[in-house]
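The sequence and structure come first.

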Amino acid sequence: MRKSILAASMLGLMLGAGACFASTADDAMHEYEEALKLTPNLENGKKVYRVCTVCHTPEGWGLESGAYPQVAGQLNTVIIKQLADIRARNRDNPTMVPFTSPRLLGSAQDIADVAAYISQLPMTPHNGIGPGIDLEWGAQVYKDNCVECHGENGEGHLEDHIPAVYGQHYRYLLRQFEWIKMERRRNADKQMVKQIHNFTHRDIRAVLDYVSRIRPPKEKLAKDGWRNPDFPKFARPSSIHSGAGYAIDKRPTRPVRPQ
Ligand code: HEC
Ligand code: HEC
């Protein structure tokens, strides 16, 4: 008797949790579809983007340390989907979620606008790359496992909202990939999770090193030293953010034991 009550309440809990996941994904998809139908307004997109500059920088380049991803030049469908997922808590991002509240990020129209603005920003010519020691293997792994979805050159797929991965910071790629593999990123593509299930550490590092070194097409890259003229007054943090990024980036890739 006791057992069956326990079983029944466990079942209830499981169903409840299932329904809860289903609804966050559904909410996000609903907002995604709504935003896609709207005509984006770049001028408003720039205004909405202001609050995002604090972390993603005015250029949208994020940090080499991978703490913040490069968003500039990403496919607009991908940006819309990620924003809708993060807002609906279908992708956990505790750092950013407060900034996706309706008060700060606004409506589906604002999402469409900011996505259009970000996707047309030129990308950094100096994204963070891996150690470069196993690139041939990385190229092979990419060809056999990723091309089908992320494209020959890592350009992603607009209609299927598959992220462009070229030009992204190596450490960000690594973190996302590991989270997807561990099924910690709830909005992950189920087929990708299956595909990478048996990847070793070597496979993961090699393929993402290779990906981080695929150059985006020239017309998508900014000139050296470019600064986004839309945010002339932005105070660039010199110590906290960039300092932390610098320290991480300059660590030797293979730590040496002190003598
Ligand atoms: C407080 C810092 C912060 C702010 C402000 C912020 N973000 Fe983010 N954003 C992050 C972090 C951190 C991640 C990566 C989270 C992770 O590693 O899973 C991220 C991820 C993203 C992604 C997913 C990128 C990808 O390739 O998967 C998009 C798109 C994005 N942010 C857009 C925005 C927009 C648009 C705004 C402004 C409305 C914004 N962010 C404001 C910290 C921030
Ligand atoms: C079956 C299609 C598919 C395959 C195969 C696949 N991916 Fe993905 N990948 C996706 C989709 C779709 C997403 C985005 C999921 C979402 O958040 O909506 C993604 C997300 C990612 C991300 C996170 C990007 C970001 O900006 O946050 C990385 C990194 C990634 N994939 C790398 C790879 C690599 C490397 C391979 C090959 C080893 C691979 N993927 C194979 C479909 C695929």
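Predicted model: local features only at pLDDT ≥ 70, side-chain atom pairs only at ≥ 80, totals over all residues.

The shell around ligand 2 divides into 12 nonpolar, six polar and three charged residues. Ala, Val, Leu, Ile, Met, Phe, Trp, Tyr, Cys and Pro count as nonpolar, Asp, Glu, Lys and Arg as charged, and the others, Gly among them, as polar. Of the 21 residues around this ligand, Cys 146, Cys 149, Asp 189, Gln 191 and Met 192 come nearest. A residue is near if its C-beta atom, placed from the backbone, lies within 6 Å of the molecule.

Residues are numbered from 1 along each chain as its sequence is written, with chains lettered from A and ligands numbered from 1 in the order in which they are written.

The protein has 12 helices and zero strands. Helices are DSSP runs (H or I, at least four residues), as are strands (E, at least two), numbered from the N terminus. Of the 259 residues, 35% are buried (20 or more other C-beta atoms within 10 Å of their own, C-beta atoms placed from the backbone).

Helix 7 (residues 135-145) packs on helix 11 at about 90°, with the axes 7 Å apart. Axes are lines fitted to C-alpha atoms over the stretch in contact, and angles run from 0 to 180 degrees between N-to-C directions. Helix 7 is therefore roughly perpendicular to helix 11 (65 to 115 degrees). The contact residues divide into nine nonpolar, one polar and two charged.

Methods: Buried ≥ 20, exposed ≤ 12 C-beta atoms within 10 Å, placed from the backbone. Parallel < 35°, antiparallel > 145°, perpendicular 65-115°, else oblique.
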